[in-house]
Structure formats: C-alpha cells, structure tokens
Amino acid sequence: MNRILALLAISAALCVALVFTEHGPSLRVAMAAGQKFAGGPYVVGVTSKSATVAWIVQVDDVTFHPPSGAAVLTAPALRVQSTTLTGLQPDTRYEYNVGSGGDEGKGSFKTAPSSSDAAYRFVVYGDNRTRPEVHAKVIAQLLNHGIPNFVVQTGDMVADGNDSSLWPEFFGIERQLLRQTAFFPALGNHERNTHNFYEMFRNDAPYYSFNWGSSHFLILNSDISNAEEGSTARDTFWSVQRQWIEDDLKAHQDAYYRFVVAHHPPFTAVTRRQGDNPHMTALVPLLEKYHVSAGLFGHDHNYQHYLRNGIHYITTGGGGAPLYDVDTPPANITQKVASIENFVTVSADSRAAHFKAIDIDGKILDEFEIPGAMQH
C-alpha cells in the first residue's frame, strides 16, 4: 500500500520525516541541539502539491557599546531554516512539528485545492509596524473570526526590515495565526527590499503569482524606490515587472477571480498622499484590460474601498501602524473609507467571492460580493 505522499527537499543538518497518524499526515522536523525559536514556524509557497515550512532560530546575541553614557544595545543574530515538501495531496491539511516534539514547534496548513469549485477563505491585512500592542489586538480579533486557509500580507510588517530585532516581535504577535495557515507576503517600503524578506519567506523574486482554487493572485513589488538605485534602473525594473504583470494576467483569463496585491494603492483618500504613486495609477488601464476582480493594497493606515469600471480597489493598511485621516475621498468611485485598524476576510467559491472588512473591535466596516466566473 503506497503511503509515501511526499518527496522531501531537505535543508542541511535537518532530519525530516512524513508519518501517518489517525488524524492524517504529519511532518516531523528535528532542530539542531541548543537552537532557540526566534520566529515561526510558518508555511510559505503553498500550492496544491507543495509547501515550505520555515522557522527562525536565534544563534547568538550581538552587543553594541556606544560612546560613554549611552545605553548598551543588543540585537539577535538570526538564521532562517526551512524544509520543502513536494508531491502533496491537494486540499489536504498537514500537521507538522519542528523541534523536540513540544508545542512550540507544532503547526498545520492546508494545501491549495485543485478544483475551481472548492470553497476557501483568506484574509488580507498589512502595515503592522510601530505599535506592537495594537498589532496584537488586530490579530486577536482576526483569530476570533476563525483560521483562514491562507493570509495575504500587503507589506510593512516591521518598521525597518534590516533591523533583526524587529522580526521576532512580528512573528511573536502573529504566531498563533501563522502556525495554522499559509502566508503570502508583499514587499512594503519599510521592508527596505532587505535580504531578510527573501530569506525569511524563502522567495528569490520581488514579485510572484500563485493559484488557489478559482482564484489567481499576483503579488507585486510596488516599492520601486527601494528596488534599485538610480532612476534609470528603477524605470527598467518597473518596465520589466509591468510586462510580467500583463503576461501573467493574459495567461490566467480562465480564472474566476484575478486579484492583484501590492503595497502602494493607485487611489487614496489621504490628501497629502494623493499623486504619490503614479506608477500604480498608470497600471489601472492594464488591470481593466485584463478584467481584474480586485486590487488589494496597504501603505495608507486605514480602510478604503473604491469601485472603478468594475474593479474593486481595497486598501487595508490598518494592521497596527499609526492611523491616517481619510479626509479627501476620490469623487465618483468611493464606496467606503474609515480611519480605523482593520483586516479583510474573503470567502470564495465558484459562485461568488464575499468580502467583509472588520475593524479592531470586531464591527463590520464594509461588505460586498463579486460574482464568480464573470463574463466580460
């Protein structure tokens, strides 16, 4: 009887086994002796047949001694470890345990369904930086509404992606969520295009796409100011990415829903930010040409919902960062704006994708539905 469901691509110095219990398949990963969790475990790169389990270990501390009279600073030295599994079964929940068998390393995730008729739920939020106590309240409220199949993060997870001391704080707050679901992050400007982002989320590209049931997602890098040095290099970077966006959307016109995710929004009700993202505003005709269902963004610390030529534009940047006013909503396209912490939950199947924006107190801010299998 064939009980081998996975082929394992194993990180160096790890012992990995896939075993079967009465509850289904379970992955066990042995950590090296003496290692200490600094983040995770969490799961990235999930498809219907593969997934990567990652975690961050603290291998040492670095102490900085400034001039006399100033406080001594200490920062953790971190290392990311991971293991990738292939040959998994679609729409199947896998349990895993990293470490010695204690609760700290336990988690689970569900692979993507291969059928476009499958029902699933995901959440979208971003801009968690700067106020950890508020970030924690947002995540607690999100958990009150149940564990989603996956999370879409719109960026600015920490105040400075280069600061290693901030990542354990982020993962500590998100621990109970990320150990039970899959994670798909976008780069924000506060990530600074740091190597930490690529190492922690096991991604070698600043933009990527994935499928989940009836939906196709494009995760963009809208932070062109940190993508390259010099205006010519930045223009080239955006030109190449824009062509990739068009090619990717064109190749997935059979998806019931097409979602574009980026940190910077094309429209905003924040007066001082209007006109800040011309590259994203210029992208709107392309999104209309290829019948995008919705754009999901962050950067502005509030909730905003616009509807323009059949496309919904959602800004959910209320994950904990200091709030911004919504003082000048764009005329004719505004559906809802609110200056409050929030997240968005989406329940989708072949019939419809139902959006619900929920604030930090658990109140529904906004609710709408996109019909499935739309014919344009």
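In what order do the seven strands of the open sheet lie? Keep that in mind while loading the model, which is predicted.

**The whole chain**

Start with everything shown as a cartoon. The chain contains seven helices and 21 strands. Of its 376 residues, 55% are buried. Take the contacts between residues at least 6 apart in sequence: 67% of them join residues at least 24 apart.

**The open sheet**

Select β12 through β18. The order across this open sheet is β12-β13-β14-β15-β17-β16-β18, and the pairing is mixed. Strands β12 (208-212) and β18 (334-338) form the edges, each pairing on one side only. From one strand to the next, the twist averages 15°.

Now zoom in on residues 303-308 and 311-316. These are β16 and β17, which pair in the antiparallel sense over six bridges.

Select residues 120-125, which form strand β9. Is this strand mostly covered or uncovered? It is mostly covered, with six of its six residues buried. Show the side chains: Y120, F122 and V124 point one way, while R121, V123 and Y125 point the other way. The residues on both faces are buried.

- Residues 342-348 are β19, which pairs with β9 in the antiparallel sense over five bridges. V124 stands opposite V344 in this pair.
- Residues 150-153 are β10, which runs parallel to β9 and is joined to β9 by four bridges. Here V123 stands opposite V151.

**The nonpolar cores**

Stay on F122 and show its surroundings. Leaving out residues up to four places away in sequence, F122 touches P148, F150, V152, F217, F259, L296, V344, T345 and V346. F122 is also one of the residues that touch the most other members of the largest nonpolar core, together with Y42, F150, F201 and F355. That core has 74 residues. Its largest share, six residues, comes from strand β5 (residues 51-64). In soluble globular proteins, nonpolar side chains tend to be buried together.

Then select L218, L249, A269 and I333. They are among the 26 residues of another core, which lies apart from the largest one.

**Helix α2**

Move to residues 166-178. How far apart are the end C-alpha atoms of helix α2? They are 17 Å apart, which agrees with the 18 Å that 13 residues should span at 1.5 Å a residue. Look along the helix at G172, where α2 bends by about 40°. With side chains on, pick out the buried residues W167, F170, F171, E174, R175, L177 and L178.

**Backbone details**

Most residues other than glycine have a negative phi, and most peptide bonds are trans.

- Select G40 and P41: a cis peptide bond joins them, with omega about 5°. P41 lies in strand β4 (residues 36-44).
- Select H291, which is not a glycine but has a positive phi of about 55°. It is in the loop between α7 (284-289) and β15 (294-297). H291 counts as partly exposed because its relative accessibility is 27%, a value between the 20% and 50% cut-offs.
- Select N332, also not a glycine, with a positive phi of about 75°. Its place is in the loop between β17 and β18. At a relative accessible area of 81%, N332 is exposed.

**Last stop: H190**

Finish in the loop between β11 (182-185) and α3 (195-200), where H190 is found. Is H190 buried or exposed? Its relative accessible area is 14%, so H190 is buried, the limit being under 20%. Show what surrounds H190: beyond residues up to four places away in sequence, the residues it touches are R129, D156, V158, A159, D160 and G161.

Note on methods: Residues are numbered from 1 along each chain as its sequence is written. This is a predicted model: local features need pLDDT of at least 70, side-chain atom pairs count only at pLDDT 80 or more; totals for chains, interfaces and linings use all residues. Side-chain values use heavy atoms; hydrogens and water are left out. Helices (H or I, at least four residues) and strands (E, at least two) are DSSP runs, numbered from the N terminus. The expected span of a helix is 1.5 Å times one less than its number of residues. The bend at a residue is the angle between axes fitted to the seven residues ending there and the seven starting there. Buried means under 20% relative accessible area, exposed over 50%, partly exposed in between (1.4 Å probe, protein chains only). Two strands pair if DSSP finds at least two bridges between them. Axes are lines fitted to C-alpha atoms, for helices over the stretch in contact, and angles run from 0 to 180 degrees between N-to-C directions. A nonpolar core is a set of buried Ala, Val, Leu, Ile, Met, Phe, Trp, Tyr and Cys residues joined through side-chain atoms within 4.5 Å. Contact means heavy atoms within 4.5 Å.
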